Amino acid sequence: MSERSACVWAGVDAGKGHHWAAVVDEGGARLWSKKVDNDETAILTALGEILALADQVHWAVDICGTSSALLLALLAAHSQRAVYVPGRTVNRMAGAYRGEAKTDARDAYVIAETARHRRDFTTIDVPAQLVADLALLTAHRSDPVADRVRMINRLRDVLTGIFPALERAFDYSAHKGAPVLLTGYQTPAALRRRGRARLTAWLANRGVRSADAVAVTALEAAEAQRTVLPGEDVAATIVADLATQILALDDRLKRIDKQIRDTFHAHPQAEVIESLPGIGPILGAELVVAAGDLRAYADAGHLASAAGLVPVPRDSGRRTGNLRRPKRYSRRLRRVFYLSAQTSIIKDGPNRDFHLKKRAEGCKHVQAVIALARRRVSVLWALLRDNRVFTPDPVAQTA
């Protein structure tokens, strides 16, 4: 350690409370290995010690999320670049070294050795402020969305036990009038006592569209059931409480969606991304977060491969031409392209025509959507490269 090396590799096994860093030289000898607290002072001290070992340090980490955010920011501030070594790769590479122990020190050493042998790992870039804001907002939005789905399922389950006709009458995930109705009336007897005229006025005063149609549907369900089921009073209270929480979540989601939309529209290519059918501000924000810097992808094929939309060959001996679904890809990026492709086939246009063409060729619905998603990756790549909006008629665009 007294001699300064020309080049070393530093592997960091990142964690919430602390990290473990290990440094190896060109021959694989371990030069430095210590536990580093996830604190700015401790990280800067370790950074200074490691940089003093060699003229050039190659950094590698196994986590590029919130637990390593401070570490990556300090590395970027000192002009140090780090690569991302997936945990699956570290797990498999660990079997190539002596011993079966599983410790942070050994994991850090394996990460450094893996980065020394392989030079094709993705470089981690500290996200810009806009991307960081979108990442936080989209992650924050996922929690109330999951809570809303859970509450609607619970509401329908409880309502089925006392008023199955009303549970079948509405789509509670898309119909605002149904939860509003349940905040005041949950039983057949209560609806019959209210009557059509007063129920319509009550719904209209609370901003329900087509209040008369909602009232008629609810009263038809009430007339179809005259039997009082056990536990009706307690279940009615639970249904009213769940409906109130669903409406509150809807208001909260509207505020979050507006914040995401305003932040996403500040992106320089937001108009280009939104011009592709099936992509709105929410999916567009998730695309920006999941894809990162598009300059990291050599072409549209690399972007499609990162999204898991390109089959992987599985050949052996005389068995050739076998393709399988990839296992290592960005689930979030694949979700963006799959959902946007599925949304784009609702309306008539080139996306729907391509989907119907694939179905006519014998593809199932999921296969046709995946094929459409792969094609849309190439289209989006070309739009972003040329910085122009999508148009269904390219001849008119050229003219």
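View 1. Patches are made of residues with over 30% relative accessible area and no salt bridge, and like charges are joined within 9 Å. Lys and Arg count as positive, and a charge is placed at NZ of Lys or CZ of Arg. Accessible areas come from the Shrake-Rupley method with a 1.4 Å probe. In this predicted model, R88, R92, R314, R319, R325, K327, R328 and R331 form such a patch. R319 sits in the loop between β7 (312-313) and β8 (323-324); strands are DSSP runs (E, at least two residues) and helices are too (H or I, at least four). With a relative accessible area of 60%, R319 is exposed (exposed means over 50%, buried under 20%, partly exposed in between).

**View 2. Salt bridges.** Here a side-chain nitrogen of Lys or Arg lies within 4 Å of a carboxyl oxygen of Asp or Glu, and the structure holds 16 of these bridges. K102 pairs with D107, their closest N and O atoms 2.5 Å apart. K102 is exposed at 64%, while D107 is buried at 9%.

**View 3. A bridge between two helices.** D250 and R148 also meet in a salt bridge (2.5 Å, N to O). D250 belongs to α11 and R148 to α5, 102 residues apart. Both D250 and R148 are buried.

**Notes on the model.** Residues are numbered from 1 along each chain, and side-chain values use heavy atoms, leaving out hydrogens and water. Local features need pLDDT of at least 70 and side-chain atom pairs count only at pLDDT 80 or more, but totals for chains, interfaces and linings use all residues.

Technical notes
Patch = residues over 30% accessible without salt bridge, like charges linked within 9 Å, V, L, I, M, F, W, Y side chains within 5 Å. Buried < 20%, exposed > 50% of the residue type's maximum accessible area, 1.4 Å probe, protein only.
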